[in-house]
Structure formats: C-alpha cells, structure tokens
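Biologist: I have a model open on my screen and would like to learn how to read it. Could you take me through it feature by feature?

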Amino acid sequence: MKRIIYTLFIFSILLSSCVQDVDDVFDEPSSVRVEKALAEYQALLKSAEHGWVMEYYPSATQAYGGYLFTMKFKDGDQVTVSTDAFEEAEKEVTSLYSLKKDIGPTLNFDTYNELFHHFSDPDIIDGGGKGKGYEGDYEFLFRSHTDNEIILRGKKTNNIIKMTRLTEPPTVLLDKTVKLSKETFTTTYTANIGGKTFVVPMEDHVFHFNYETENKETESVSGPYIFTATGIKFYEPVEVMGKTLENFTWDSATKTFTCTDTGATDVKLTANELPEGYMKYKDFLGSWDFVYTGGRIPVTLEEESQTSFLMNGFNPNYKLVVNYDKSVGRIRIMTQKVGNTGSNEVWLCAWDANTGSLWKNTALGVASKLRSGTEDVTIDFESYGVWEDNEVNSLIVWEMKGNDYVGEFKQWGTSRYVGYLSMIKK
C-alpha cells in the first residue's frame with residue numbers, strides 16, 4: 001500500500017512538471033495569440049496594393065478543376081472579387097468578408113457574392129445537382145504565410161488553397177488566363193509521353209489520362225488544373241507513365257501544352273479539333289425561330305444549367321427542357337412530360353410521322369446539327385436514340401394514363417410538330 005501511494009506521489013510530481021513545461025512554451029494564452037494572428041492577417045490582406053490571386057478548387061476531389069479569383073481587401077470588411085471562371089475578366093463584385101476565431105484564425109466570405117459563391121451555392125443545378133452544387137468552400141483556415149503568399153485550407157473540402165500577392169492590376173492576369181481558356185478549349189487532347197500517344201479527354205479544367213501500362217493494365221489518372229499567365233498548373237503533381245507532371249506552357253502556334261517539369265520536358269498535350277459543327281453552350285442562348293412543316297414559332301433558350309436549357313415560347317402552357325451535350329456541342333429535345341390534365345399526364349413524345357408510331361421513351365428525341373453555308377445560324381434536328389425501324393422525325397403531344405396511351409392532346413393548341421424540324425437564330 002505504501003509503495004502504491006509513493007508511486008502516485010512521484011507520478012503527480014512528474015505530471016505537474018510536464019504541464020509546467022508545456023505552459024512555458026508560450027508566453028500568452030492561446031486566445032491572445034489567435035487575436036494577434038487575426039490582426040496580422042488582416043494587415044497582410046489589406047497591404048497588397050493590387051490585391052491577391054486565389055487558386056480555388058471546389059469539391060474535395062477537385063472534380064471540376066480550379067479557377068482563379070482575384071481579391072482586393074478594403075476597409076469596412078469589403079472585398080472586391082474578379083475571376084476567370086466565366087470568361088469575364090473585367091467583371092467585379094464587391095461583398096463582405098471577415099476574419100474569425102475557430103480552431104485557429106479563419107478567412108470567411110460572409111455575404112453572397114455572385115462570382116465567388118457560385119461554386120459553393122447548393123442551389124446551383126450543375127456539379128452534383130441541386131442541394132450540392134459544386135460543393136466548394138467559402139470558409140478557410142489560415143495555415144501559413146509570408147509577405148507574398150498565404151496558404152489556406154478549405155473547411156469543407158480540406159483542399160489546399162494558395163493566395164499570391166498581385167504585383168499588377170488583376171485584369172492583367174485575368175485577361176491572359178481568359179484568353180488561354182478560350183484558345184485552349186476543346187474536348188480532347190493527344191498526349192505524347194515517352195514516344196507513346198493516346199487521347200486525353202478534357203472537361204471542366206480536368207485532364208483525364210487513361211492509358212495502358214506495360215503490364216497491359218489500364219491506368220486512370222486525373223489532372224485538375226488552373227490557368228497561369230503562360231499555361232496551366234495541376235492542383236498537385238500527377239504521375240503518368242512514369243513521368244511526374246505539374247506545370248505546362250502553351251504554344252498557340254502548335255496548339256500544344258509542353259511540360260516544364262524536370263524529367264518530363266518531352267511530354268506534350270496537343271489540342272484536337274472540335275467536332276464538326278460544334279457550338280458552345282452560350283451560342284445557343286437567346287432568341288430563335290422553331291420551324292416545322294407548316295409552322296414557325298418564336299422561342300428563346302434560357303440558361304438552366306451548363307447541361308440544359310429551358311425553351312420558352314414553344315407553348316404558353318409549358319417550357320421544354322432542352323439538353324446540351326458538351327462533348328459534341330449539340331442540343332437535344334427529348335421525350336418529356338410537359339404537364340397534367342386531371343389525373344392524367346401530358347407528354348411531348350418522339351414521333352415517326354411517316355409510320356404514325358410514337359413512343360413515350362425519354363431516351364428518344366431529336367438532336368441538333370449545325371447547317372453549313374447559311375447566312376443565319378441554322379440548326380437541323382436529326383433522329384436521336386434507337387427505335388426499331390422507326391426514326392424520330394417529328395414530335396407530338398399525347399395524353400397518358402400511366403403507360404396507357406389515351407390519345408392526342410389538342411387542348412393546349414398545336415399538338416403536331418411534323419418534320420423536318422429546325423431552328424434559326426435571330
């Protein structure tokens with residue numbers, strides 16, 4: 001018993017000694033240290049005459065690539081933001097920011113900024129869909145800093161986010177990266193690595209390397225990137241076919257990215273031509289005439305998400321969902337429910353007007369093809385989807401009771417849109 005008491009006594013002395021040693025490491029309580037750090041970061045943020053550029057990656061997996069945001073921090077807790085994400089280098093939006101205490105000092109963007117919060121807004125339909133959006137951060141933990149660089153970590157994604165002091169007005173950098181974004185845009189590149197070539201799909205600022213190893217196994221590696229003033233930089237180095245890749249410069253004459261990293265300067269990514277008749281998403285926005293045999297309807301395509309539009313004007317009782325396929329630069333009008341009548345549903349259905357067959361199948365519809373040699377932008381619609389010996393050359397409005405075809409629905413006006421179908425841009 002005495003031995004136990006003695007042991008506990010010695011242990012308590014050692015413990016108190018250890019605690020004293022820990023306390024002596026810092027001269028001030030942690031709360032005071034955090035307050036001082038906040039003041040230091042506040043002064044640092046405001047000290048940049050031209051502001052800072054943030055290398056921002058939404059999503060914990062960097063699935064949508066990265067984008068540059070320039071930020072000028074001002075008195076009154078205001079920050080003015082610009083970005084290359086939407087190809088509008090000149091656009092500025094001012095909102096509020098704050099520095100707070102959490103598990104350490106944090107940088108927070110407190111009020112909605114239409115540029116910066118696009119990637120953290122759960123109501124955005126793109127990305128992971130409504131309720132998730134791009135799952136980006138708007139609160140960040142400070143990790144370290146120098147006079148010219150601040151390292152942050154996203155509270156939600158844990159992504160490492162770098163901020164660098166700008167030495168010239170933000171538009172000087174953003175003009176360059178927006179130009180690069182437009183110039184380098186395509187859907188696939190051809191990689192030349194170690195004398196071997198293979199096609200690399202590119203989407204949303206991410207290169208997708210899929211290749212066969214020497215063991216005949218398929219390897220898949222993604223390279224999310226941001227634009228720099230002269231090319232691109234991956235979020236972190238990636239290894240492809242034994243080469244470590246991170247930084248590339250762009251040659252507009254050859255339309256080629258060349259790696260600048262040691263041991264990989266022979267690696268090249270050359271842009272492939274876009275598919276014939278390719279149209280970007282924004283090319284479809286605006287006013288059109290929808291043309292069918294015996295009719296012409298003024299319609300507008302409104303932005304819904306980066307993969308779809310809403311067609312307004314087609315019928316006063318409903319708007320059509322029009323899909324956009326970024327890989328080929330085309331739109332599709334698919335079979336879809338457009339409303340209800342009593343307890344039944346109203347559908348716009350794929351229809352072969354030559355055979356009289358129709359089908360309520362959402363995998364069927366018509367897809368656009370840019371018509372060449374016309375003064376006005378004109379797209380023709382072709383059959384899309386497999387349907388036995390039929391083709392989708394027309395559309396028809398039909399009343400449905402579950403899977404039972406009740407009959408042609410004429411109460412809302414025009415019910416037959418007989419091909420050939422086309423749209424002419426106004």
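Modeller: Let us begin with burial: a residue is buried at under 20% relative accessible area, exposed at over 50%, and partly exposed in between, using a 1.4 Å probe and protein chains only. Before we apply that, please note that this is a predicted model, where local features need pLDDT of at least 70, side-chain atom pairs count only at pLDDT 80 or more, and totals for chains, interfaces and linings use all residues. Residues are numbered from 1 along each chain as its sequence is written, and side-chain values use heavy atoms, with hydrogens and water left out.

Biologist: Is H118 buried or exposed?

Modeller: H118 counts as buried because its relative accessibility is 17%. Strands here are DSSP runs of E with at least two residues, helices are runs of H or I with at least four, and both are numbered from the N terminus. In those terms, H118 sits in the loop between β6 (105-108) and β7 (139-145).

Biologist: Which residues is H118 in contact with, leaving aside its neighbours within four places in sequence?

Modeller: Contact means heavy atoms within 4.5 Å. With those neighbours set aside, H118 is in contact with F86, N113, I124 and Y134.

Biologist: What about F73, buried or exposed?

Modeller: F73 has 2% relative accessibility, so F73 counts as buried. Its place is in strand β2 (residues 67-74). Beyond the four places on either side in sequence, F73 is in contact with L45, K46, W52, Q78, V79, Y97, L107, F109 and M163.

Biologist: And where does G385 lie?

Modeller: G385 is in the loop between β27 (378-384) and β28 (394-401). With a relative accessible area of 38%, G385 is partly exposed. Not counting residues up to four places away in sequence, G385 touches A363 and L364.

Biologist: How should I read backbone angles?

Modeller: The general idea is that most residues other than glycine have a negative phi, and most peptide bonds are trans. Now look at N158, which is not a glycine but has a positive phi of about 70°. N158 is found in the loop between β8 (149-154) and β9, and counts as partly exposed because its relative accessibility is 45%. M241 also has a positive phi, near 50°. M241 belongs to the loop between β14 and β15 (243-251), and is partly exposed at a relative accessible area of 26%.

Biologist: Which peptide bond is cis?

Modeller: The bond from G419 to Y420 is cis, with omega near 10°. Y420 lies in the loop between β30 (416-417) and β31 (422-425). C-alpha to C-alpha, Y420 is 56 Å from F73, and the two are 347 residues apart in sequence.

Biologist: Now pockets. What is the general idea?

Modeller: Rolling a probe the size of a water molecule over the atoms shows where empty space is left. On a 1 Å grid over the protein atoms alone, a pocket is an open set of points where a 1.4 Å probe fits, with protein on both sides within 12 Å along at least five of seven lines; lining residues have an atom within 4 Å of a point. Grid points are joined across faces, edges and corners, and a volume is the space filled by probe spheres set on the points.

Biologist: What volume does the largest pocket have?

Modeller: The largest pocket has a volume of about 1,400 Å³. Its lining has 45 residues, with A85, D204, Y281, Q306 and K326 nearest its centre. Two or more lining residues come from each of β11 (196-203), β13 (218-227), α4 (281-284), β19 (295-305) and β21 (318-325).
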